[in-house]
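Visitor: I have some labels to check. Please show me the model and take me through the terms.

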Amino acid sequence: MSLLDRIGQKLLFSFDPETAHGMSIAALRCGLPVASPPMRDARLMVSLCGLDFPNPLGMAAGYDKNAEVPDALLKLGFGFAEVGTITPLPQRGNPKPRIFRLTADEAVINRLGFNNEGHAAAAKRLAARKGREGIVGVNIGANKDSADRIGDYERGVARFAPYASYLTVNISSPNTPGLRNMQAREQLGELLSRVMAARAKAAAHPPIFLKIAPDLAEAELEDVAAEVIEKRI
Ligand SMILES: Cc1cc2nc3c(=O)[nH]c(=O)nc-3n(C[C@H](O)[C@H](O)[C@H](O)COP(=O)(O)O)c2cc1C
């Protein structure tokens, strides 16, 4: 790490993790840090599902949950920015504290629980950047108290298809009780059918990716793969 990075990290680590996260978003909104334009190298380009990524390293969902700074992230050199997870209605997420630093492991534990400002707020920001360059994916989810979770994903597809380079259907989170049950074959089949039907009806037809938990058993992965292939996700 450069000296400047080390000082920056020390400063951010003097705040609790969620406050530090918010400060970094605020800094990006203000145009900080001032960096020279990222280098482009043709060897790093990746083409996937009709998208040409300038490099394979993107900012994962969960950093810019409300689509506040996708262009600032791209300007830093990320090959793509995935905003979200965004749920139809705003929700507060789990009680604080809910992010925990594991400094020695250079890691964090996240128990945020899809805190976000909801579809309308994010859609307004994304509409304002429509037509700009850069790959911005939109990660969609379901509200914790929703009576129709699959319906929440359908609404996400309809709402964000016009603005998203791609959409991610996120059923990976352990922080929304029951969400991961959607990975079971029957539920997953229904979810993906309805998501693809919503995409067919939407104003634009971006590719759709499925985000699953990292700890599925081999047999579960086979079921997920079979559904994904069948539904052309
Ligand atoms: C603080 C925090 C918040 C996250 N929030 C989300 C989220 O809202 N939606 C999501 O799909 N993943 C979320 N994730 C998971 C990341 O997108 C990513 O999949 C995970 O951190 C693994 O990638 P990594 O090994 O590069 O950290 C979050 C992760 C962290 C650390």
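Guide: Domain bounds here come from an automatic or database domain assignment. On that basis the protein chain is divided into domain 1 (1–34) and domain 2 (40–231). This is a predicted model: local features need pLDDT of at least 70, side-chain atom pairs count only at pLDDT 80 or more, and totals for chains, interfaces and linings use all residues. Residues are numbered from 1 along each chain as its sequence is written, and side-chain values use heavy atoms, with hydrogens and water left out.

Visitor: How do you know that domain 1 and domain 2 are in contact?

Guide: Contact means heavy atoms within 4.5 Å. Domain 1 brings 13 residues to the contact and domain 2 brings 15 residues.

Visitor: What makes up the area buried between domain 1 and domain 2?

Guide: Buried area is the accessible area (1.4 Å probe) that two parts lose on being put together, summed over both. Here that is about 1,200 Å², and carbon and sulfur atoms give 61% of it. Of the area that domain 1 buries against domain 2, Pro17, Glu18 and Leu28 supply 48%, more than any other three residues.

Visitor: Why is the pair Glu18 and Arg98 called a salt bridge?

Guide: The term needs a side-chain nitrogen of Lys or Arg within 4 Å of a carboxyl oxygen of Asp or Glu. The side chains of Glu18 and Arg98 meet at 2.7 Å, N to O, so the pair qualifies. Between domain 1 and domain 2 the count is 2 salt bridges. Helix 2 (17–29) gives the most to the side of domain 1 that touches domain 2, with 8 residues. Helices (H or I, at least four residues) and strands (E, at least two) are DSSP runs, numbered from the N terminus.

Visitor: Why is Ile208 called buried?

Guide: Buried means under 20% relative accessible area, exposed over 50%, partly exposed in between (1.4 Å probe, protein chains only). Ile208 has 5% relative accessibility, so Ile208 counts as buried. Ile208 lies in strand 9. Leaving aside neighbours within four places in sequence, its contacts include Val157, Leu167, Val195 and Met196.

Visitor: What covers the buried residues of helix 6?

Guide: The cover includes helix 5 (149–160), strand 8 (166–170), strand 9 (208–211) and helix 7 (218–231). Among the buried residues of helix 6 are Leu188, Leu191, Leu192 and Val195.

Visitor: How do you know that the span of helix 6 is close to the one expected?

Guide: The expected span is 1.5 Å times one less than the number of residues. Helix 6 (residues 185–201) has 17 residues, and 24 Å is expected. From first C-alpha to last, helix 6 reaches 24 Å, close to that value.
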